[in-house]
Amino acid sequence: MPTKTPDLPGIAVVFGASGGIGSALVAALSQNPRYVEVLGFSRSGPHTFDLTDEASMAASAARIAQSGQPLRTVIDATGALTAEGCIAEKSWRQLDPETMARAFQINAIGPALLMKHILPLLPREGKSVFATLSARVGSIGDNQLGGWYSYRASKAALNQIVRTAAVELRRNNPAAICVALHPGTVDTSFTQRFAKTGLEVQTPQVSAEKLLAVIDGLDASRTGTFIDQHGYTIEW
Ligand SMILES: NC(=O)c1ccc[n+]([C@@H]2O[C@H](COP(=O)([O-])OP(=O)(O)OC[C@H]3O[C@@H](n4cnc5c(N)ncnc54)[C@H](OP(=O)(O)O)[C@@H]3O)[C@@H](O)[C@H]2O)c1
């Protein structure tokens with residue numbers, strides 16, 4: 001496990017606050033007295049945004065800046081295994097350009113635009129973290145099972161975007177941290193559509209606690225890495 005770094009007061013933000021993991025993150029962050037405010041953004045509110053609408057992300061950034069408090073923790077808990085009406089491919093025979101484009105839109109391009117608007121808000125003084133929820137299946141080196149072409153490829157693209165943004169962030173804000181996190185297998189609407197036999201499934205609450213412990217333990221040496229719910233680095 002990583003070593004703990006000092007906790008600094010400020011605000012926390014969750015994008016995807018309506019999701020299984022996102023809502024558990026908002027609840028857990030709200031219990032932490034060092035956050036003077038916890039803002040949850042989702043398509044259904046309380047603060048609205050959509051990953052397919054860049055203007056809504058710019059407006060979210062403006063709302064965050066309005067708080068006037070240092071932005072200490074941002075978690076992007078958005079994502080989709082399949083866009084509505086699409087399947088998670090088991091074979092190249094099922095590849096469909098529209099399905100692939102939608103997966104990249106939600107899992108890679110949307111989060112990249114969030115980084116564009118949110119990373120500049122991270123304070124230059126003291127630790128701050130932008131964490132996006134990726135997935136272990138986005139690891140190319142770890143791919144032994146195949147399948148889920150669009151989801152895997154879009155999360156691999158997200159990982160590369162995180163790494164690239166972390167390099168740029170380190171140049172102009174060395175105290176800030178940008179990482180991709182794997183939440184473990186979590187019982188949410190996301191996983192309801194596939195068999196979880198043989199997998200260790202956790203509740204969103206347990207996953208949120210683990211993810212927040214990992215974030216608390218991060219220091220600047222871990223920026224630009226891909227980390228699981230136990231704090232261990234995952235190969236790209
Ligand atoms: N659950 C798992 O076992 C597991 C495992 C590995 C990785 N992950 C990753 O963890 C993250 C969260 O998963 P979850 O299980 O909490 O899934 P979830 O319950 O389905 O939540 C997904 C979230 O993404 C949001 N979202 C989807 N499309 C959006 C869009 N166009 N604009 C804005 N928000 C959008 C959803 O908002 P709406 O409510 O508006 O649809 C929802 O808040 C995902 O990135 C997933 O890949 C999950």
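This is a predicted model: local features need pLDDT of at least 70, side-chain atom pairs count only at pLDDT 80 or more; totals for chains, interfaces and linings use all residues.
Residues are numbered from 1 along each chain as its sequence is written, and side-chain values use heavy atoms, with hydrogens and water left out.

**Aromatic pairs**

- Phe15 and Phe49 make an edge-to-face pair, with 5.0 Å from centre to centre and 70° between the planes.
- This pair links distant parts of the chain, 34 residues apart: Phe15 belongs to strand β1 (residues 10-15), and Phe49 to the loop between β3 (47-48) and α2 (54-66). Helices (H or I, at least four residues) and strands (E, at least two) are DSSP runs, numbered from the N terminus.
- Phe15 and Phe49 are both buried; buried means under 20% relative accessible area, exposed means over 50%, and partly exposed is in between (1.4 Å probe, protein chains only).
- Phe226 and Trp236 form a stacked pair, at 5.7 Å centre to centre and 15° between the planes.
- Here too the pair links distant parts of the chain, with Phe226 in strand β9 (residues 226-227) and Trp236 in the segment after β9, ten residues apart.

**Salt bridges**

- Side chains of opposite charge can pair when their charged atoms come close.
- The structure has four salt bridges, each being a side-chain nitrogen of Lys or Arg within 4 Å of a carboxyl oxygen of Asp or Glu.
- One of them joins the side chains of Arg34 and Asp216 at 2.9 Å, N to O.
- Arg34 sits in the loop between α1 (20-30) and β2 (35-42) and Asp216 in helix α5, so this bridge ties together parts that are 182 residues apart in sequence. Arg34 and Asp216 are both buried.
- Glu37 and Arg63 meet through their side chains at 3.2 Å, N to O, in another salt bridge.
- Glu37 is in strand β2 and Arg63 in helix α2, 26 residues apart, so to speak of this pair is to speak of distant parts of the chain being linked. Glu37 is partly exposed at 27% relative accessible area, and Arg63 is partly exposed at 22%.
- Lys116 forms a salt bridge with Glu54, and the closest N and O atoms are 2.7 Å apart.
- Because Lys116 lies in helix α3 and Glu54 in helix α2, that pair ties together parts 62 residues apart in sequence. Glu54 is partly exposed, with a relative accessible area of 30%.

**Helix α4**

- Helix α4 (residues 149-172) has 24 residues, which should span 34 Å at 1.5 Å a residue; its end C-alpha atoms are 35 Å apart, which agrees. The expected span is 1.5 Å times one less than the number of residues.
- The buried residues of α4 include Tyr151, Arg152, Lys155, Leu158, Asn159, Val162 and Leu169.
- What do the buried residues of α4 pack against? They pack against α3, β5 (128-133), β6 (176-181) and β9, where contact means heavy atoms within 4.5 Å.

- Helix α5 (residues 204-217) has 14 residues and reaches 20 Å from its first C-alpha to its last, close to the 20 Å expected at 1.5 Å a residue.
- Among the buried residues of α5 are Pro204, Leu211, Leu212, Val214, Ile215 and Asp216.
- Lys210 is also found in helix α5, and it counts as partly exposed at 22% relative accessibility.
- Leaving aside residues up to four places away in sequence, Lys210 touches Gln202, Gln229 and His230.

Conventions:
Rings of Phe, Tyr and Trp (its six-membered ring) pair if their centres lie within 6.5 Å; planes under 30 degrees apart count as stacked, over 60 as edge-to-face and the rest as tilted.
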